[in-house]
Amino acid sequence: MAYALINAFLIDGTGNSEPNKTILINENRIEDVYSGQQVPDGYQTIDLEGRALLPGLIDAHIHIGHSRSEPDRMRYDRFTEPKVSLLAARQVWESLWGGVTTLRDMGARHGQSITIRDAVNAGTIPGSRVVAANESITFTGGHASYQVDGPWAMRAAVRHQVRAGADVIKIGQSNDANYPGFNPVELEAVIDEAHRLGRRVAVHVDKEPALGMSVRAGVDTVEHGFYPYPETLELMLEKGTYWVPTITINRGMRHDEHTPERYEQNLTEVFKTNGIGDHQARRRAAEMREAFEAFPKCFAQAVEMGIKIITGPDGPRADRVPMDCARNEVVKFVDWGMSPEQAIVSATSLAAEALGLDHELGVIRKGYLADLIVLDGDPLEDIETIDSIRLVMKDGCIYRNELQGATEEGF
Ligand SMILES: [Zn+2]
(Lines give C-alpha, C1' and ligand atoms only; values in the text may rest on other atoms or scores of the structure.)
Protein backbone atom coordinates (compact mmCIF):
# COMPACT_ATOMS: atom_id res chain seq x y z
CA MET A 1 0.00 0.00 0.00
CA ALA A 2 1.25 3.51 -0.78
CA TYR A 3 0.14 6.45 1.36
CA ALA A 4 0.67 10.19 1.21
CA LEU A 5 0.21 11.81 4.61
CA ILE A 6 -0.22 15.51 3.82
CA ASN A 7 -0.38 18.68 5.92
CA ALA A 8 1.53 17.15 8.81
CA PHE A 9 3.13 19.08 11.63
CA LEU A 10 6.25 16.95 11.52
CA ILE A 11 8.12 16.24 14.76
CA ASP A 12 10.88 14.15 13.23
CA GLY A 13 12.35 12.48 16.36
CA THR A 14 15.69 14.31 16.28
CA GLY A 15 14.44 17.48 17.98
CA ASN A 16 13.29 19.27 14.80
CA SER A 17 9.73 20.17 13.88
CA GLU A 18 8.13 21.80 10.83
CA PRO A 19 4.55 22.38 9.63
CA ASN A 20 2.97 21.52 6.27
CA LYS A 21 5.03 18.44 5.43
CA THR A 22 4.09 15.52 3.21
CA ILE A 23 5.32 12.03 4.03
CA LEU A 24 5.18 9.41 1.27
CA ILE A 25 4.98 5.79 2.40
CA ASN A 26 5.63 2.92 0.03
CA GLU A 27 5.33 -0.64 1.28
CA ASN A 28 7.02 -0.63 4.70
CA ARG A 29 9.34 2.37 4.22
CA ILE A 30 9.24 6.14 4.19
CA GLU A 31 9.77 6.97 0.54
CA ASP A 32 10.05 10.74 0.83
CA VAL A 33 9.51 13.70 3.16
CA TYR A 34 9.00 17.19 1.72
CA SER A 35 7.27 20.54 2.18
CA GLY A 36 3.97 21.33 0.48
CA GLN A 37 1.07 19.10 -0.49
CA GLN A 38 1.89 17.83 -3.99
CA VAL A 39 1.13 14.12 -4.23
CA PRO A 40 2.22 11.91 -7.15
CA ASP A 41 -0.29 9.48 -8.69
CA GLY A 42 -0.90 6.13 -7.06
CA TYR A 43 -0.95 7.18 -3.40
CA GLN A 44 -3.86 7.11 -1.00
CA THR A 45 -3.90 10.60 0.46
CA ILE A 46 -4.61 11.20 4.13
CA ASP A 47 -4.96 14.87 5.12
CA LEU A 48 -3.70 15.32 8.68
CA GLU A 49 -5.03 18.91 8.80
CA GLY A 50 -1.97 20.18 10.62
CA ARG A 51 -1.87 17.44 13.25
CA ALA A 52 1.41 16.39 14.85
CA LEU A 53 3.10 13.39 13.25
CA LEU A 54 6.01 11.75 15.03
CA PRO A 55 7.96 8.50 14.94
CA GLY A 56 6.32 5.52 16.63
CA LEU A 57 7.32 5.39 20.28
CA ILE A 58 9.94 2.97 21.56
CA ASP A 59 9.49 1.35 24.95
CA ALA A 60 12.94 0.12 25.95
CA HIS A 61 11.94 -1.70 29.14
CA ILE A 62 8.80 -3.77 29.41
CA HIS A 63 7.93 -7.37 30.28
CA ILE A 64 5.45 -8.98 27.95
CA GLY A 65 3.61 -11.88 29.45
CA HIS A 66 3.73 -10.38 32.91
CA SER A 67 0.56 -9.69 34.74
CA ARG A 68 2.07 -8.98 38.05
CA SER A 69 0.25 -7.51 40.95
CA GLU A 70 1.26 -7.28 44.56
CA PRO A 71 1.86 -9.24 46.66
CA ASP A 72 2.53 -12.23 44.39
CA ARG A 73 4.48 -10.50 41.63
CA MET A 74 7.42 -12.89 41.95
CA ARG A 75 5.25 -16.02 41.84
CA TYR A 76 6.00 -16.93 38.24
CA ASP A 77 4.80 -20.49 38.88
CA ARG A 78 1.21 -19.25 38.86
CA PHE A 79 1.47 -18.37 35.20
CA THR A 80 1.42 -21.38 32.90
CA GLU A 81 2.95 -21.19 29.43
CA PRO A 82 -0.30 -21.15 27.39
CA LYS A 83 -1.81 -18.57 29.72
CA VAL A 84 1.22 -16.33 29.37
CA SER A 85 1.29 -16.72 25.57
CA LEU A 86 -2.29 -15.57 25.21
CA LEU A 87 -1.72 -12.68 27.56
CA ALA A 88 1.48 -11.66 25.76
CA ALA A 89 -0.27 -11.72 22.37
CA ARG A 90 -2.91 -9.36 23.68
CA GLN A 91 -0.31 -7.14 25.34
CA VAL A 92 1.77 -6.49 22.20
CA TRP A 93 -1.46 -5.44 20.50
CA GLU A 94 -2.35 -3.08 23.38
CA SER A 95 1.15 -1.68 23.17
CA LEU A 96 0.89 -0.99 19.43
CA TRP A 97 -2.57 0.54 19.81
CA GLY A 98 -1.05 2.87 22.40
CA GLY A 99 1.53 4.18 19.92
CA VAL A 100 4.49 1.93 20.84
CA THR A 101 5.72 0.53 17.54
CA THR A 102 8.85 -1.09 19.04
CA LEU A 103 9.37 -2.54 22.48
CA ARG A 104 12.37 -4.14 24.14
CA ASP A 105 11.34 -7.01 26.34
CA MET A 106 13.61 -7.11 29.37
CA GLY A 107 13.12 -10.65 30.52
CA ALA A 108 10.51 -13.32 30.05
CA ARG A 109 10.32 -17.03 30.79
CA HIS A 110 9.64 -20.03 28.56
CA GLY A 111 10.99 -18.21 25.49
CA GLN A 112 7.80 -16.12 25.42
CA SER A 113 9.36 -12.94 24.10
CA ILE A 114 11.07 -14.83 21.26
CA THR A 115 7.81 -16.60 20.34
CA ILE A 116 5.87 -13.34 20.35
CA ARG A 117 8.60 -11.47 18.43
CA ASP A 118 8.59 -14.09 15.71
CA ALA A 119 4.78 -14.24 15.59
CA VAL A 120 4.59 -10.46 15.14
CA ASN A 121 7.30 -10.51 12.45
CA ALA A 122 5.54 -13.33 10.62
CA GLY A 123 2.25 -11.45 10.72
CA THR A 124 0.59 -14.17 12.80
CA ILE A 125 -0.52 -11.60 15.37
CA PRO A 126 -0.62 -7.79 15.21
CA GLY A 127 1.64 -6.05 17.70
CA SER A 128 4.64 -3.90 18.45
CA ARG A 129 7.98 -4.96 16.99
CA VAL A 130 9.77 -6.90 19.74
CA VAL A 131 13.45 -6.74 20.66
CA ALA A 132 13.86 -9.68 23.02
CA ALA A 133 16.25 -10.36 25.87
CA ASN A 134 14.71 -13.78 26.45
CA GLU A 135 15.69 -14.83 29.99
CA SER A 136 17.35 -12.43 32.38
CA ILE A 137 20.63 -13.82 33.75
CA THR A 138 21.38 -13.35 37.42
CA PHE A 139 23.49 -14.71 40.28
CA THR A 140 22.38 -17.27 42.85
CA GLY A 141 19.71 -15.52 44.89
CA GLY A 142 19.32 -12.72 42.34
CA HIS A 143 16.35 -11.04 40.67
CA ALA A 144 15.38 -13.71 38.09
CA SER A 145 15.01 -17.45 37.87
CA TYR A 146 17.99 -18.10 35.57
CA GLN A 147 20.86 -18.04 38.06
CA VAL A 148 24.55 -18.63 37.32
CA ASP A 149 27.87 -17.89 39.02
CA GLY A 150 31.44 -17.55 37.80
CA PRO A 151 32.87 -16.10 34.58
CA TRP A 152 32.68 -19.27 32.47
CA ALA A 153 29.14 -20.00 33.54
CA MET A 154 28.31 -16.40 32.61
CA ARG A 155 29.81 -16.85 29.17
CA ALA A 156 27.88 -20.08 28.70
CA ALA A 157 24.69 -18.33 29.84
CA VAL A 158 25.17 -15.61 27.21
CA ARG A 159 25.77 -18.23 24.53
CA HIS A 160 22.66 -20.08 25.68
CA GLN A 161 20.54 -16.92 25.36
CA VAL A 162 21.97 -16.10 21.95
CA ARG A 163 21.28 -19.63 20.75
CA ALA A 164 17.71 -19.29 22.01
CA GLY A 165 17.36 -16.16 19.86
CA ALA A 166 18.01 -13.26 22.23
CA ASP A 167 18.59 -9.87 20.58
CA VAL A 168 20.03 -8.36 23.74
CA ILE A 169 21.48 -9.74 26.98
CA LYS A 170 19.82 -8.77 30.24
CA ILE A 171 21.57 -9.32 33.56
CA GLY A 172 20.32 -8.75 37.09
CA GLN A 173 23.09 -7.19 39.15
CA SER A 174 21.18 -6.36 42.32
CA ASN A 175 18.15 -7.67 44.08
CA ASP A 176 16.15 -4.73 45.39
CA ALA A 177 19.18 -3.80 47.45
CA ASN A 178 22.49 -2.05 47.06
CA TYR A 179 24.72 -5.10 47.17
CA PRO A 180 26.34 -6.01 43.86
CA GLY A 181 25.59 -9.65 43.00
CA PHE A 182 28.16 -10.26 40.27
CA ASN A 183 31.78 -9.37 40.88
CA PRO A 184 33.81 -7.39 38.30
CA VAL A 185 35.28 -10.56 36.79
CA GLU A 186 31.80 -11.98 36.13
CA LEU A 187 30.57 -8.68 34.72
CA GLU A 188 33.53 -8.39 32.42
CA ALA A 189 32.96 -11.96 31.19
CA VAL A 190 29.31 -11.41 30.36
CA ILE A 191 29.93 -8.08 28.63
CA ASP A 192 32.86 -9.40 26.62
CA GLU A 193 30.93 -12.48 25.56
CA ALA A 194 27.81 -10.54 24.60
CA HIS A 195 29.68 -7.88 22.66
CA ARG A 196 31.73 -10.47 20.82
CA LEU A 197 28.48 -12.11 19.75
CA GLY A 198 27.06 -8.76 18.64
CA ARG A 199 24.62 -8.27 21.54
CA ARG A 200 24.28 -5.34 23.88
CA VAL A 201 24.06 -5.73 27.64
CA ALA A 202 21.30 -4.26 29.79
CA VAL A 203 21.77 -4.39 33.54
CA HIS A 204 19.07 -4.36 36.19
CA VAL A 205 20.61 -2.41 39.03
CA ASP A 206 18.81 -0.51 41.75
CA LYS A 207 21.49 1.71 43.18
CA GLU A 208 25.09 2.14 44.28
CA PRO A 209 27.65 0.66 44.52
CA ALA A 210 26.31 -2.00 42.11
CA LEU A 211 25.44 0.79 39.68
CA GLY A 212 28.91 2.33 39.43
CA MET A 213 30.48 -1.12 39.21
CA SER A 214 28.24 -2.01 36.26
CA VAL A 215 28.97 1.22 34.41
CA ARG A 216 32.72 0.81 34.95
CA ALA A 217 32.52 -2.74 33.61
CA GLY A 218 30.99 -1.38 30.38
CA VAL A 219 27.29 -2.29 30.27
CA ASP A 220 25.36 -0.58 27.49
CA THR A 221 22.13 0.33 29.26
CA VAL A 222 21.45 0.83 32.95
CA GLU A 223 17.92 -0.24 33.95
CA HIS A 224 16.48 1.56 36.99
CA GLY A 225 19.65 2.91 38.71
CA PHE A 226 17.57 5.21 40.85
CA TYR A 227 20.35 6.84 42.82
CA PRO A 228 23.59 7.30 40.87
CA TYR A 229 26.58 8.88 42.57
CA PRO A 230 27.82 12.03 40.78
CA GLU A 231 30.97 10.18 39.71
CA THR A 232 28.84 7.43 38.14
CA LEU A 233 26.94 10.04 36.11
CA GLU A 234 30.29 11.46 34.95
CA LEU A 235 31.37 8.00 33.90
CA MET A 236 28.07 7.35 32.08
CA LEU A 237 28.55 10.58 30.17
CA GLU A 238 32.12 9.66 29.27
CA LYS A 239 31.24 6.12 28.18
CA GLY A 240 27.94 7.03 26.50
CA THR A 241 26.01 4.62 28.76
CA TYR A 242 22.24 4.85 28.31
CA TRP A 243 20.03 5.26 31.36
CA VAL A 244 16.56 3.73 31.41
CA PRO A 245 15.33 5.20 34.72
CA THR A 246 11.91 3.44 34.69
CA ILE A 247 10.21 6.27 36.55
CA THR A 248 6.73 4.86 35.95
CA ILE A 249 7.30 1.65 37.86
CA ASN A 250 8.91 3.61 40.69
CA ARG A 251 6.38 6.42 40.86
CA GLY A 252 3.20 5.03 39.35
CA MET A 253 0.95 6.53 36.72
CA ARG A 254 0.54 10.23 36.17
CA HIS A 255 -1.85 11.21 38.89
CA ASP A 256 -0.99 8.45 41.30
CA GLU A 257 2.27 9.58 42.86
CA HIS A 258 3.61 7.33 45.59
CA THR A 259 4.72 8.93 48.83
CA PRO A 260 8.09 7.81 50.26
CA GLU A 261 6.21 6.33 53.24
CA ARG A 262 3.89 4.26 51.05
CA TYR A 263 6.81 3.14 48.88
CA GLU A 264 8.79 1.95 51.91
CA GLN A 265 5.74 0.20 53.34
CA ASN A 266 4.89 -1.57 50.07
CA LEU A 267 8.47 -2.68 49.53
CA THR A 268 8.72 -4.08 53.07
CA GLU A 269 5.62 -6.19 52.37
CA VAL A 270 6.99 -7.38 49.01
CA PHE A 271 10.30 -8.40 50.62
CA LYS A 272 8.52 -10.26 53.39
CA THR A 273 6.21 -12.04 50.93
CA ASN A 274 9.33 -13.20 49.14
CA GLY A 275 10.73 -14.80 52.27
CA ILE A 276 13.01 -12.07 53.57
CA GLY A 277 12.96 -11.75 57.36
CA ASP A 278 11.22 -8.84 59.02
CA HIS A 279 14.33 -6.98 60.16
CA GLN A 280 16.16 -7.25 56.87
CA ALA A 281 13.04 -6.43 54.87
CA ARG A 282 12.63 -3.19 56.84
CA ARG A 283 16.30 -2.26 56.51
CA ARG A 284 16.37 -2.88 52.76
CA ALA A 285 13.13 -0.97 52.26
CA ALA A 286 14.54 1.97 54.25
CA GLU A 287 17.61 2.01 52.00
CA MET A 288 15.41 1.99 48.93
CA ARG A 289 13.39 4.87 50.34
CA GLU A 290 16.55 6.96 50.47
CA ALA A 291 17.08 6.25 46.77
CA PHE A 292 13.42 6.97 46.05
CA GLU A 293 13.73 10.42 47.58
CA ALA A 294 16.98 11.29 45.75
CA PHE A 295 15.73 10.03 42.37
CA PRO A 296 14.15 13.23 40.90
CA LYS A 297 17.24 15.29 41.76
CA CYS A 298 19.55 12.72 40.17
CA PHE A 299 17.36 12.68 37.06
CA ALA A 300 17.40 16.48 36.71
CA GLN A 301 21.16 16.46 37.12
CA ALA A 302 21.53 13.79 34.44
CA VAL A 303 19.35 15.82 32.04
CA GLU A 304 21.49 18.88 32.72
CA MET A 305 24.68 16.91 32.05
CA GLY A 306 23.37 15.47 28.78
CA ILE A 307 23.27 11.81 29.83
CA LYS A 308 21.44 9.65 27.28
CA ILE A 309 18.11 8.94 28.99
CA ILE A 310 15.69 6.50 27.38
CA THR A 311 12.00 5.68 27.88
CA GLY A 312 11.28 2.31 29.45
CA PRO A 313 8.52 2.33 32.06
CA ASP A 314 8.97 -1.32 33.21
CA GLY A 315 5.29 -2.23 32.97
CA PRO A 316 2.89 -3.78 33.00
CA ARG A 317 1.37 -4.35 36.43
CA ALA A 318 -2.08 -5.85 36.39
CA ASP A 319 -3.49 -3.52 38.96
CA ARG A 320 -1.90 -0.17 38.20
CA VAL A 321 0.34 0.15 35.12
CA PRO A 322 -1.08 -0.64 31.66
CA MET A 323 0.94 -2.19 28.84
CA ASP A 324 1.07 1.04 26.79
CA CYS A 325 2.67 3.04 29.62
CA ALA A 326 5.56 4.45 27.53
CA ARG A 327 3.58 7.66 27.04
CA ASN A 328 3.39 8.00 30.80
CA GLU A 329 7.18 7.78 30.99
CA VAL A 330 7.47 10.58 28.39
CA VAL A 331 5.19 12.81 30.47
CA LYS A 332 7.19 12.02 33.62
CA PHE A 333 10.42 12.99 31.85
CA VAL A 334 8.94 16.43 31.19
CA ASP A 335 7.61 16.69 34.76
CA TRP A 336 11.12 15.98 36.04
CA GLY A 337 13.01 18.46 33.91
CA MET A 338 13.22 17.57 30.21
CA SER A 339 11.78 19.77 27.49
CA PRO A 340 8.99 18.12 25.45
CA GLU A 341 11.41 17.98 22.48
CA GLN A 342 14.00 16.13 24.58
CA ALA A 343 11.42 13.70 25.95
CA ILE A 344 10.22 12.83 22.44
CA VAL A 345 13.83 12.30 21.30
CA SER A 346 14.30 9.98 24.31
CA ALA A 347 11.32 7.90 23.19
CA THR A 348 12.27 7.82 19.50
CA SER A 349 15.71 8.42 17.94
CA LEU A 350 17.73 8.06 21.15
CA ALA A 351 15.89 4.90 22.14
CA ALA A 352 16.49 3.49 18.64
CA GLU A 353 20.19 4.27 19.10
CA ALA A 354 20.25 2.48 22.47
CA LEU A 355 18.75 -0.60 20.80
CA GLY A 356 21.17 -0.42 17.86
CA LEU A 357 18.29 0.24 15.44
CA ASP A 358 18.97 3.90 14.64
CA HIS A 359 19.77 3.10 11.01
CA GLU A 360 16.08 2.47 10.32
CA LEU A 361 13.95 3.41 13.33
CA GLY A 362 13.19 6.38 15.56
CA VAL A 363 13.27 9.13 12.93
CA ILE A 364 10.85 10.24 10.19
CA ARG A 365 13.32 10.21 7.33
CA LYS A 366 13.52 8.93 3.77
CA GLY A 367 14.46 5.25 3.72
CA TYR A 368 13.48 4.56 7.34
CA LEU A 369 10.81 2.06 8.36
CA ALA A 370 7.35 3.62 8.25
CA ASP A 371 6.57 3.60 11.98
CA LEU A 372 4.65 6.69 13.01
CA ILE A 373 1.86 8.12 15.11
CA VAL A 374 -0.47 11.08 14.60
CA LEU A 375 -1.80 13.13 17.52
CA ASP A 376 -4.67 15.54 17.86
CA GLY A 377 -2.76 18.01 20.02
CA ASP A 378 0.71 19.54 19.88
CA PRO A 379 2.95 17.67 22.35
CA LEU A 380 5.58 20.42 22.17
CA GLU A 381 3.01 22.80 23.70
CA ASP A 382 1.47 20.28 26.09
CA ILE A 383 3.18 16.91 26.49
CA GLU A 384 0.00 15.31 27.87
CA THR A 385 -1.49 15.49 24.36
CA ILE A 386 0.76 12.53 23.57
CA ASP A 387 -2.32 10.56 24.69
CA SER A 388 -4.44 11.99 21.85
CA ILE A 389 -3.46 9.31 19.32
CA ARG A 390 -5.48 9.31 16.09
CA LEU A 391 -3.37 7.08 13.87
CA VAL A 392 -0.76 4.37 14.38
CA MET A 393 1.30 3.00 11.51
CA LYS A 394 3.93 0.27 11.77
CA ASP A 395 5.95 -1.04 8.83
CA GLY A 396 3.73 1.03 6.51
CA CYS A 397 0.54 -0.63 7.72
CA ILE A 398 -2.17 1.35 9.52
CA TYR A 399 -3.29 -0.41 12.71
CA ARG A 400 -5.30 2.40 14.24
CA ASN A 401 -7.09 5.19 12.40
CA GLU A 402 -9.44 7.56 14.16
CA LEU A 403 -9.12 10.46 11.75
CA GLN A 404 -12.31 11.92 10.36
CA GLY A 405 -13.51 10.07 7.30
CA ALA A 406 -11.04 7.27 7.88
CA THR A 407 -11.46 4.10 5.90
CA GLU A 408 -10.71 0.94 7.83
CA GLU A 409 -7.30 -0.43 6.93
CA GLY A 410 -4.87 -2.65 8.69
CA PHE A 411 -3.96 -6.19 9.34
ZN1 LIG B 1 12.00 -4.80 34.44
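Which residues of the largest nonpolar core touch the most other members? The structure is a predicted model, in which local features need pLDDT of at least 70 and side-chain atom pairs count only at pLDDT 80 or more, while totals for chains, interfaces and linings use all residues. Residues are numbered from 1 along each chain as its sequence is written.

In the largest nonpolar core, which holds 123 residues, Leu53, Ile169 and Val190 touch the most other members. A nonpolar core is a set of buried Ala, Val, Leu, Ile, Met, Phe, Trp, Tyr and Cys residues joined through C-beta atoms within 7 Å; a residue is buried if 20 or more other C-beta atoms, placed from the backbone, lie within 10 Å of its own. Helix H9 (residues 278–305) supplies the largest share of this core, nine residues (helices are DSSP runs of H or I, at least four residues, and strands are runs of E, at least two, numbered from the N terminus). The core lies between domain 1 (2–55 + 363–401) and domain 2 (57–354), because both give residues to it. These domain bounds come from an automatic or database domain assignment.

The C-alpha centres of domain 1 and domain 2 are 30 Å apart. Contact between the domains (C-beta atoms, placed from the backbone, within 7 Å) involves 20 residues of domain 1 and 19 residues of domain 2. On the side of domain 1 that touches domain 2, strands E5 (52–55), E17 (389–394) and E18 (397–401) each provide at least two residues, and E17 gives the most, with three residues.

Definitions and conventions. Two residues are in contact if their C-beta atoms, placed from the backbone, lie within 7 Å. A residue is buried if 20 or more other C-beta atoms lie within 10 Å of its own, exposed if 12 or fewer, and partly exposed in between; C-beta atoms are placed from the backbone.
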